[in-house]
Amino acid sequence: MSNGVKVFKIVDPIVQSLLFICFAYSFDRGNTFRIILLIILVWQLFSAIAHFFLHIHRKLKGERLIYFFISLIYFGFYNYFYFYYANISKEKYFDINDGDMPLSIPVHEFSIIVPGILISFWYYLICFRELNKILKKNPNG
């Protein structure tokens with residue numbers, strides 16, 4: 001495996017980690033979490049496509065292929081439901097009163113975002129499993 005491929009396989013999970021951190025902090029910034037979730041998913045789609053052309057383990061290549069199709073289906077549902085809930089249906093909120101800061105969680109939006117996070121976290125784990133296999137093959141660098 002060439003050094004460029006190794007660098008990509010190391011940088012990919014690092015970029016995803018940074019994007020997940022940005023996602024976690026984006027809830028304090030209004031609706032930016034939607035944009036960051038889409039950035040995460042698009043990065044991962046491009047990563048999956050790039051990995052199809054690289055020498056990788058067959059099991060992980062199969063998992064990436066499954067991820068690719070599931071994420072494309074999710075993009076379709078996300079766009080449909082987001083359009084439906086944003087323009088046709090009125091959002092419902094789950095209110096939590098925790099003393100100083102009452103919290104209102106949008107139910108529809110939450111139900112759309114959670115599957116996307118689960119799908120993206122699954123790909124994140126695929127990348128780290130592959131990185132672990134690469135580092136075990138060549139422990140001295």
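**View 1. Ser71 and the backbone of Phe68.** The side chain of Ser71 comes to 2.9 Å from the backbone oxygen of Phe68, a polar contact by the rule used here (a pair of N or O atoms within 3.5 Å; within protein, one must be able to donate a hydrogen and the other to accept it, and residues adjacent in sequence count only if both atoms are side-chain atoms). A word on the source: this is a predicted model, in which local features need pLDDT of at least 70, side-chain atom pairs count only at pLDDT 80 or more, and totals for chains, interfaces and linings use all residues. Residues are numbered from 1 along each chain as its sequence is written, and side-chain values use heavy atoms, with hydrogens and water left out. Ser71 sits in helix H3; helices (H or I, at least four residues) and strands (E, at least two) are DSSP runs, numbered from the N terminus. Buried or exposed? Ser71 is buried at 1% relative accessibility, where buried means under 20% relative accessible area, exposed over 50% and partly exposed in between (1.4 Å probe, protein chains only). Setting aside residues up to four places away in sequence, Ser71 touches Leu45 and Ile119, with contact meaning heavy atoms within 4.5 Å.

**View 2. Ser47 meets Asp12.** Here's another serine, this time in helix H2. Ser47 has 2% relative accessibility and so counts as buried. Its side chain makes a polar contact with the side chain of Asp12 at 2.5 Å.

**View 3. Helix H2 end to end.** H2 covers residues 32-52, which is 21 residues. From first C-alpha to last, H2 reaches 31 Å, close to the 30 Å expected at 1.5 Å a residue; the expected span is 1.5 Å times one less than the number of residues. Which residues of H2 are buried? Among them are Phe33, Arg34, Ile36, Leu37 and Ile40, and the list also includes Gln44, Ser47 and His51.

**View 4. Helix H1 and what covers it.** H1 has 24 residues and reaches 34 Å from its first C-alpha to its last, close to the expected 34 Å. Its buried residues include Val5, Lys9, Asp12, Pro13 and Phe20. The cover over the buried residues of H1 includes H2 and H4. Val15, found in H1 (residues 3-26), is partly exposed at 23% relative accessible area. Val15 and Trp43 are 28 residues apart in sequence, and their C-alpha atoms are 8.9 Å apart in space.

View 5. Tyr67 and Trp122 form an edge-to-face pair, 6.3 Å centre to centre with 65 degrees between the planes. Tyr67 belongs to helix H3 (residues 58-87) and Trp122 to helix H4 (residues 107-137), so the pair ties together parts 55 residues apart in sequence. Tyr67 is buried at 0% relative accessible area, whereas Trp122 is partly exposed at 28%.

**View 6. Tyr124 and Phe128 within H4.** The ring centres of Tyr124 and Phe128 are 5.0 Å apart and their planes are at 80 degrees, so this pair is edge-to-face. Both residues lie in helix H4, four residues apart, or about one turn of the helix. An α-helix has 3.6 residues a turn, so residues three or four places apart point the same way. Tyr124 counts as buried at 15% relative accessibility, while Phe128 is partly exposed at 34%. Phe20, Phe121, Tyr124 and Phe128 form one aromatic cluster.

**View 7. Cysteines and the whole chain.** A search of the whole structure turns up zero disulfides (a disulfide is a pair of cysteine sulfur atoms within 2.5 Å). Cys22 is partly exposed at 40% relative accessible area, and Cys127 is buried at 2% relative accessibility. Zooming out, the protein chain has four helices and two strands, running α-α-α-β-β-α from the N terminus. Of its 141 residues, 31% are buried.

Methods. Rings of Phe, Tyr and Trp (its six-membered ring) pair if their centres lie within 6.5 Å; planes under 30 degrees apart count as stacked, over 60 as edge-to-face and the rest as tilted.
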